[in-house]
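Here's a quick briefing for anyone opening this structure for the first time. Take a look, then read on.

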Amino acid sequence: MKPARKRELADFLMQAYRVSIRRATAVLQLRQATYFYQPHPRDDRAERRRIREIAQTRIRYGAERIHVLLRREGWLINHKKTYRIYCEEGLNLRRKRPRRRVAAAHRMERPEISTVNACWSMDFVADQLFNGQKIRALTVVDNFSRESLAITVDYALKAADVVATMGHLKALRGTPKRIQVDNGSEFISHVLDHWAYENGVTLDFSRPGKPTDNPFIESFNGSFRDECLNVHWFLSLDDAREKIEDWRQDYNDFRPHSSLGDLTPGEFRLAHLDAGNL
């Protein structure tokens, strides 16, 4: 029984049975010092306000990620207090997707990823402008560093656009050894297959109906939709491209990842580069 509840019972005994404080606290095994103790809580209004601000602008961030941002900003707060305030403010995030059970094994054991450019993932995400006109986005992620390499946005994207994006990334970052994709028409096209063959890239296709075969891009696309697409109105294609690129830079250079030791993808890649593992 908590001390607060024992204080209530002690007050009840004194009022109902006219007993002394000493007798009431003895019956309840409550120390008198505890009965008379008056808590002096610290003023945490500033921390609460900052936690609410982060939660409102970073809607997918939970208590742990918000705590990392607070410590980055110099707040002297431990993770338990961050979590308590997070819950008291009603910011608990509901799980938007049920946990998936581990499905059957892959067709073959995929090699372990131990460096950047070892394996990329890419997929398409659909959205629309304010007037209902459809747009598509091609997302490309490095599976090792979790870095968003490119988000190509247009009204329609075909296999040639995928190859053009790959050519642009090749000039900036080189080519990966393997790219994980689903069985969409753009990815099984002869155009992309020819580009992959010429550049020595293996196209690793997911099993039909098994999005869990490509978990990195699925996770990224969920964050992309919740933190960017569902937050902004896009007034034009150029406006969509600008806002999406701003979010991509924020994702790479500001957003901490628990799987990367609370580093951003950009910081993790630079640390890997400094370690001489590239």
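A nonpolar core here is a set of buried Ala, Val, Leu, Ile, Met, Phe, Trp, Tyr and Cys residues joined through side-chain atoms within 4.5 Å, and buried means under 20% relative accessible area (1.4 Å probe, protein chains only). This is a predicted model, so to speak of local features takes a pLDDT of at least 70, side-chain atom pairs count only at pLDDT 80 or more, and totals for chains, interfaces and linings use all residues. Residues are numbered from 1 along each chain as its sequence is written, and side-chain values use heavy atoms, with hydrogens and water left out.

**The cores**
- The largest nonpolar core has 20 residues, and M122 and I179 have the most contacts inside it.
- Helix α7 gives the most to this core, with four residues; helices (H or I, at least four residues) and strands (E, at least two) are DSSP runs, numbered from the N terminus.
- Another core, of 18 residues, lies apart from it, and F220 and L237 are among its members.

**The strands**
- β1 and β2 pair antiparallel over nine bridges, where pairing takes at least two DSSP bridges between two strands.
- Six bridges join β2 to β3, also antiparallel, and A137 stands opposite V153 in β3.
- Seven of the nine residues in β2 are buried.

**Helix α11**
- P265, G266, F268 and H272 are buried in α11 (residues 265–274).
- Those buried residues fall within an arc of 165 degrees seen down the axis, so they line one face of the helix; the arc is that of the directions from the helix axis to the C-beta atoms.

How values were computed: Buried means under 20% relative accessible area, exposed over 50%, partly exposed in between (1.4 Å probe, protein chains only).
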